[in-house]
Amino acid sequence: MFEAKAIVQNDAGIHCRPSAVLVKEGSAYPGEILVKAESGTCTLTSALECIMLGLEKGAEVTIQVAGPDEENVCRRLVELFETHFDFPPQ
């Protein structure tokens, strides 16, 4: 298992569109993914689950990945949680 921390950087937090991006990335992974925050835990298999964590800008999450290529997958998820999403991109 590989574990890393991330700080949410998106100004609006993790709302519908960022959570959809995270779930798309997470649901393609054949191993296990857990995202832990002060408000709870989710598996990145459901956008609603991710939204329900209520992650605002500055929130810290711990991402745990177990399975093939776990370190790279975990680092990619950290990168996504720390992205300044802008919809649509400008």
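Colleague: What should I know about the numbering and the values before we start?
Modeller: Residues are numbered from 1 along each chain as its sequence is written, and side-chain values use heavy atoms, with hydrogens and water left out. Because the model is predicted, local features need a pLDDT of at least 70 and side-chain atom pairs count only at pLDDT 80 or more, while totals for chains, interfaces and linings use all residues.

Colleague: Which residue is the bridge partner of isoleucine 33 in strand 4?
Modeller: Several pairs can be followed along strand 4, among them alanine 6 with its bridge partner valine 61. Glutamate 32 stands opposite alanine 66, and the bridge partner of isoleucine 33 is valine 65.

Colleague: Why is strand 4 described as largely enclosed by the rest of the structure?
Modeller: A residue is called buried under 20% relative accessible area, exposed over 50% and partly exposed in between, with a 1.4 Å probe and protein chains only. Strand 4 covers residues 60-66. It is largely enclosed because, of its seven residues, the number buried is five.

Colleague: Is lysine 24 buried or exposed?
Modeller: Lysine 24 has its place in helix 1, which covers residues 16-27. Its relative accessible area is 65%, so lysine 24 is exposed.

Colleague: How is helix 1 oriented against helix 3?
Modeller: Axes are lines fitted to C-alpha atoms, for helices over the stretch in contact, and angles run from 0 to 180 degrees between N-to-C directions. The axes of helix 1 and helix 3 come within 10 Å and cross at roughly 175°. Angles under 35 degrees count as roughly parallel, over 145 as roughly antiparallel, 65 to 115 as roughly perpendicular and the rest as oblique, so helix 1 is, relative to helix 3, roughly antiparallel.

Colleague: Which residues in helix 3 do Val21, Leu22 and Glu25 meet?
Modeller: Contact means heavy atoms within 4.5 Å. By that rule, Val21, Leu22 and Glu25 in helix 1 meet Arg76, Leu77, Leu80 and Phe81.

Colleague: Which backbone atom lies 2.8 Å from a polar atom of the side chain of asparagine 10?
Modeller: Asparagine 10 has its place in the loop between strand 1 and helix 1, and at 3% relative accessibility it counts as buried. The backbone nitrogen of phenylalanine 85 lies 3.0 Å from a polar atom of this side chain. At 2.8 Å from a polar atom of the side chain of asparagine 10 lies the backbone oxygen of glycine 13.

Colleague: What is the phi of leucine 44?
Modeller: Most residues other than glycine have a negative phi, and most peptide bonds are trans. Leucine 44 has its place in the loop between strand 3 and helix 2 (47-51), and at 0% relative accessibility it counts as buried. Its phi is positive, near 60°.

Definitions and conventions. Helix = DSSP H or I, 4+ residues; strand = E, 2+ residues; numbered from the N terminus. Pairing = 2+ DSSP bridges. Polar contact = N/O pair within 3.5 Å; in protein donor to acceptor, adjacent residues only side chain to side chain.
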